[in-house]
Amino acid sequence: MCGFLAYIGDKLNSNRLESGLFSISYRGPDSSGILKQNKFTFGFNRLAIQDLSSKSMQPMVDFYGNSIIYNGEIYNFKEIKKELESNGYKFKTDGDVEVIMKSVFHWGFEKSLKRFEGMFAIIYYSKKENKIYACRDFFGIKPIFYSFLSKNEILFSSEIKAIAKYKGNVELDFYNSINPIFFTGMSPKGKTMFKDIFSLNEGHIFTIDLNNFNHKIESFFKIESLIDPDLYKEL
């Protein structure tokens, strides 16, 4: 389990980001790191599992200036690594983070996700496209929460606590979330107990164009795709 807090925008409050990241430091007690760029800042708390060396520390930046923060585990990363090596790629680490980065560089973001077997919450910056990608695994095992601070500012985090720490004040959403919780035991899909703090749905990608801050949320996986329609009808 690792934890991250990402700020997208150009009006960063460094003290608030550090405070928010520290509030979820128990998710990654091994080390912490912050990457500050012109229009985004990535903060990460690491729990080292696959590769214990500092080379696998995040935020990770590759040779081309792409960067990533990621929580989870790609179970088939060794098989993907061998395939990439057969295509001429060389690796400096033994973990799955570098495999994710080189996969995205080779196949593109969405095509790479469909190759991964595992649980993941990824925030990725593509320098060539000047875009931020945030995605959540097929079944939503790893969480991503987000909140707009303004039209051109957004936070992503592994926990609501870090977002609340940065924002400074949050309100319960009694009508849209608290009330349904009493009936269903959970918040409505995509919402949380708090106003203006949302949960990225499973199997979805949140894309932000840093040139104009246009954004969109799209599905890259639907559970229905696992069903054989003919077999379903037969049963």
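**Exercise 1. Overall dimensions**

What radius of gyration would a compact globule with 235 residues have, and what value does the chain have?

*Solution.* The structure is a predicted model. Begin with the chain length: for 235 residues, a compact globule would have a radius of gyration near 18 Å. Next, take the value for the chain, which is 18 Å, so the two agree. Then consider the extent along the principal axes, where the C-alpha atoms fill a box of roughly 60 × 55 × 35 Å. Finally, the secondary structure comprises 7 helices and 12 strands.

**Exercise 2. The largest pocket**

Determine the volume of the largest pocket and describe the residues of its lining by class.

*Solution.* The volume of the largest pocket is about 360 Å³. Its lining consists of 15 residues, and those closest to the centre are Asp62, Phe63, Lys92, Glu98 and Lys102. Sorting the lining by class gives 8 nonpolar, 6 charged and 1 polar. Turning to the elements, strand E4 (60-61) and helix H3 (97-107) each contribute at least two lining residues. H3 provides the largest share, with 4 residues.

**Exercise 3. A nonpolar surface patch**

Identify the residues that form a nonpolar patch on the surface, and state their accessible area together.

*Solution.* The members of the patch are Phe139, Ile141, Ile223, Leu226, Ile227 and Tyr232. To belong to such a patch, a residue needs over 30% relative accessible area. Together, the six side chains named here account for about 680 Å² of accessible area. To place one of them, Phe139 is found in the loop that runs between strand E7 (131-136) and strand E8 (145-150).

Technical notes:
Residues numbered from 1 in each chain as written. Predicted model: local features only at pLDDT ≥ 70, side-chain atom pairs only at ≥ 80, totals over all residues. Heavy atoms only, no water. 1 Å grid on protein atoms, 1.4 Å probe; cavity = no way out; pocket = protein on both sides within 12 Å on 5 of 7 lines; lining within 4 Å. Points joined across faces, edges and corners; volume = space filled by probe spheres on them. Nonpolar A, V, L, I, M, F, W, Y, C, P; charged D, E, K, R; others polar. Patch = residues over 30% accessible without salt bridge, like charges linked within 9 Å, V, L, I, M, F, W, Y side chains within 5 Å. Areas by Shrake-Rupley, 256 points an atom, 1.4 Å probe, with all protein chains shown as cover. Salt bridge = Lys/Arg side-chain N within 4 Å of Asp/Glu carboxyl O. Rg over C-alpha atoms; globule rule 2.2 N^0.38 Å.
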